[in-house]
Amino acid sequence: MELNYSSVFNLPFFFLKNLGLWQSKSSWKIYRSYGFILYLIFLGLPLVCHTKFFFYIVKNGTIADISHAINILFSLYGTLFKTFWFVIKLESIKEMLEVISTDHKTHQPRKTFLNNFSSYGNIMKVVKFYYGSALWAVLMASLNSVIHYKRKEVIYETWWFWDYKSNDNYVYWPFLCYQILLILYGCLVNYSIDIIPVLFMNFASMMLNNLSDKISVKNNVKENEVKDIKEIKNLVEYHKKIKQFTDDISTHTTFVFFIQTFISSFILCACTFLITTTSPINNTSEFMRTFLYGCSMLFQIFLPCYYGNEVSATSDKISTSLFHSNWEGRSKKYRKSVEIIMENLKHSIKIRFNNFITIDFGTFTKICNYAYSLYAVFQKVNVK
Amino acid sequence: MTSIIESKYVGLVSDLLPNIRLMQGFGHFIFKYINGPIFLRKVYSSVHLVLLLFQFLCILLNLAQNTDEVSELTANTITVLFFTHCITKFVYVALSSENISRTLGIWNQSNSHPLFTESNSRYHQIALAKMRRLLMLVMLTTCIATVCWTTITFFGDSTKLWRDHENNETLTVEIPRLMIKSWYPWNPVGALYFASLAFQFYYLLFSMVICNTSDVLFCSWLIFACEQLQHLKGIMRPLMELSATLDTYRPNSAALFRTVSASSKSELILNDENEKNSNYDLNISTIYNTKSDWGAQYRAPTTLQNFNGGKGNNNNPNGLTEKQEMMVRSAIKYWVERHKHVVRLVSAIGDTYGLALLLHMLTSTIMLTLLAYQATKIDGVNVYAFSVIGYLVYSLAQVFLFCIFGNRLIEESSSVMEAAYSCHWYDGSEEAKTFVQIVCQQCQKAMTISGAKFFTVSLDLFASVLGAVVTYFMVLVQLK
């Protein structure tokens, strides 16, 4: 059974291609126009309307209204920046996919090394759960509005060209359908783009596991200098390749994480505030909707932090596996080279944004901390 | 005439000459690198110092006179702290001008190796271009900031808040429309008003330029050090390939002894036949040039070991001549010596400018705290909002400038190890492998610039400053 990691990307790329975001130089003009029109209708237009609404609500609304507005505003702007990023970086992403497919050809893991296969299975489950949670959140938001159709409740309050709260049904239902579609578009685009760095990071940790395994294979060879040097060469070249791959991840894909951090902290703060002020019994659907939205934001931030941490942790294991391999019986040149490699392995491989913010659990706790501080400020201001 | 005189400056001084001239032109106490009477220059700088101190004292007096009203007190304190930077930098450069000229003189004599001169000059040119670009950018920003400050003075009301103790209420009192709220021993009306305006414009421009040129000098030093590290990383691979020729057969080893430049086709090392024809003495000084720093005496190059034990006894698998062998061995020595030179430069930079950074950070921290308080009082898009945001952005930009270059130095120095690891060291000689191992061990510790040992100049510092400002802002919003 051969591992084909590229199939993990099928689901995100399927959504992105069908939503018109797979814009490369060779795309047809019809496809480009289709993508552009979809973008304008489902992202550009709501963004403009909601920004106008936000300025209005900051002056005239309560803290709860402002929190709701913040949730949607930051999500929309986040999606905007992420889509720009995706279109700009599409070629780099394709190059990284090439690296994955060549790695499969040159460094297939041993059949008995099951770790990578289970990791592959796990990531597929994570992707399915991820999309499932997204669609579930969209469903809950839509159901909430549909249940309360008599109150002319929409998914989120915003400025619109006509008054959708008037008694005419032919004004309300189209607007609600439009909102459902746009929430679906935003959700799928957002989640698809967010999962890409996570999948790359998981692959990096799989490559590192593969390397560890190849090192720890116990060969009972006699002292043979030429073979030793060749082995060292293969080891070092693979290690360098993995480092290059993680550098590419850091350079090309961490911007998404940075944007997501920013919007997640604000949205988490707003959601926490709304959850504490909404009664779960009286406004069950609204409570559930906000709660699910907060949870999905948290999950969106948690995934890259977890997999970034995995990369660092797995790279630390290589040194141990090298030490536990049979270097004692090898030639002097081999042992000398092992010394140099172990010197280099002292530094764990980190995924960093701009050589500055490391993507691991430390950052995750900082984000939660920051969201809580913002929430505390909101609480105090609300009390006054 | 000027060009002949200017060309006598070497090393860092000639690279940074525009910056130094700018500093001297705006009154800094740097009296080296000039032709002409020093006494006049001293008078010029002293006059500037006196004028700047006078205006600073006027601002302080204004602060002392308006302590009753809290918002006036805060605003005036922020102004005082803003202009403290200038006085601090002015006095600091004057007191440590010896240190500065010593740091500038460190790179006057650097070692060279015929195989790496092209790479060296390439990175030197890159550093030069970056330094010039940085200087232009910062000067442009300073001029724009001065112009904006002057322009914004003519918008909005020119008033101050005054606490009337008799009626216990706050009144709005008119004050002359000047850039900085300041007390003057004369009444700024009529012609004196325009004189005060011109004086304040001079003060604004000179304070900001004085402050920023010394920061740019510091950043330019760091740019130079980083590009030298890039040069060292760049020559690592050819170094390994060279060293591999010592004990491993290489089919094309003659090509390695050409210069790295593609256009040059000349062989650096003559073949044996040519050697016999010309009376070439096996003199190491023609291969490798070592000159000590600090202008000390030239050391006779007798330190390289002769492994072969005499001429004509060649165990080399590639058939290298003795001269070629010497060249290979001296290449590693060149690398290590150059790295030591860079480390010396960086520690000199830290010793020279660290205290100035510490003082800058202390002043900035207090000012940013007060600015956070002022920011909570912004109630709309008006002159007040623009001036608070302007102060904030300018102060954070000043801190960001030296943090980003400090961070780049840390990144470059710790990536030397990666460069050593990623060249084909496993194909190199045993000497090269030992060299790589020692480099890996040494370069794990990054080169840093510290603010007088209190803090490390890096982006973490900037992030903590920014985080602190945001925290104070949030706390003050709650207290309001």
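**Cavities, cores and buried residues**

Guide: Among the elements around the second largest cavity, helix 5 of chain B gives the most to the lining, with 4 residues. The model is predicted.

Visitor: What makes this space a cavity, and how much space lies in it?

Guide: A cavity is a set of points where a 1.4 Å probe fits but cannot get out. About 60 Å³ of space lies in the second largest cavity.

Visitor: Which residues line the second largest cavity?

Guide: The lining consists of B:Phe82, B:Phe83, B:His85, B:Cys86, B:Ser207, B:Met208, B:Cys211, B:Tyr394 and B:Gln398. Two or more of the lining residues come from each of helix 5 (70–95), helix 8 (191–234) and helix 13 (383–422) of chain B.

Visitor: How do the residues of that lining divide by class?

Guide: There are 6 nonpolar residues, 3 polar ones and no charged ones. Phe, Met, Tyr and Cys count as nonpolar, and Asp, Glu, Lys and Arg as charged.

Visitor: How many cavities of 30 Å³ or more does a search of the whole structure find?

Guide: The search finds 5. In the largest cavity lies about 70 Å³ of space.

Visitor: Which residues line the largest cavity?

Guide: They are A:Leu3, A:Asp103, A:His104, A:His107, A:Gln108, A:Pro109, A:Asn116, A:Phe203, A:Met206, A:Met207 and A:Asn210. Helix 3 (63–106) and helix 5 (169–216) of chain A are the elements that give two or more residues to this lining. Helix 5 of chain A gives the most, namely 4 residues.

Visitor: How many charged residues does the lining of the largest cavity have?

Guide: It has 1 charged residue, along with 5 nonpolar and 5 polar ones. The charged one is A:Asp103, because Asp is among the types that count as charged.

Visitor: Is A:Asp194 buried or exposed, and what is the reason?

Guide: A:Asp194 has 6% relative accessibility. Buried means under 20%, so A:Asp194 counts as buried. A:Asp194 is placed in helix 5 of chain A.

Visitor: Which residues is A:Asp194 in contact with, leaving aside neighbours within four places in sequence?

Guide: They are A:Lys82, A:Tyr130, A:Val256, A:Gln260 and A:Gln300. Each counts as a contact because heavy atoms lie within 4.5 Å.

Visitor: Why does B:Gly11 count as partly exposed?

Guide: The relative accessibility of B:Gly11 is 21%. Buried would need under 20% and exposed over 50%, so B:Gly11 falls in between and counts as partly exposed.

Visitor: Where does B:Gly11 lie?

Guide: B:Gly11 lies in helix 2 (residues 11–15) of chain B. Beyond four places in sequence, B:Gly11 is in contact with B:Trp107 and B:Asn108. The C-alpha atoms of B:Gly11 and B:Gln109 are 7.3 Å from each other, although 98 residues separate them along the chain.

Visitor: What is the largest nonpolar core, and which residues have the most contacts inside it?

Guide: The largest nonpolar core has 227 residues, and A:Tyr5, A:Phe86, A:Phe200 and B:Trp425 have the most contacts inside it. Helix 5 of chain A supplies the largest share, 26 residues. Members of a core are buried by definition, so B:Trp425 is under 20% relative accessible area.

Visitor: Which residues does B:Trp425 touch, not counting those up to four places away in sequence?

Guide: In chain A they are A:Ile232, A:Val236, A:Ser337, A:Ile340 and A:Ile341. In chain B they are B:Met240, B:Ala420, B:Lys433 and B:Val436. A second, separate core of 20 residues includes A:Phe54, A:Ile263, A:Met297 and A:Val377.

Visitor: How many helices and strands are there in chain A?

Guide: Chain A has 9 helices and 2 strands, which run α-α-α-α-α-α-α-α-β-β-α from the N terminus on. Chain A has 384 residues, and 53% of them count as buried.

Visitor: How many helices and strands does chain B have?

Guide: Chain B has 15 helices and 2 strands. Of its 480 residues, 49% are buried.

Key
Residues are numbered from 1 along each chain as its sequence is written. Chains are lettered from A and ligands numbered from 1 in the order in which they are written. This is a predicted model: local features need pLDDT of at least 70, side-chain atom pairs count only at pLDDT 80 or more; totals for chains, interfaces and linings use all residues. Side-chain values use heavy atoms; hydrogens and water are left out. On a 1 Å grid over the protein atoms alone, a cavity is a set of points where a 1.4 Å probe fits but cannot get out, and a pocket is an open set with protein on both sides within 12 Å along at least five of seven lines; lining residues have an atom within 4 Å of a point. Grid points are joined across faces, edges and corners, and a volume is the space filled by probe spheres set on the points. Buried means under 20% relative accessible area, exposed over 50%, partly exposed in between (1.4 Å probe, protein chains only). A nonpolar core is a set of buried Ala, Val, Leu, Ile, Met, Phe, Trp, Tyr and Cys residues joined through side-chain atoms within 4.5 Å.
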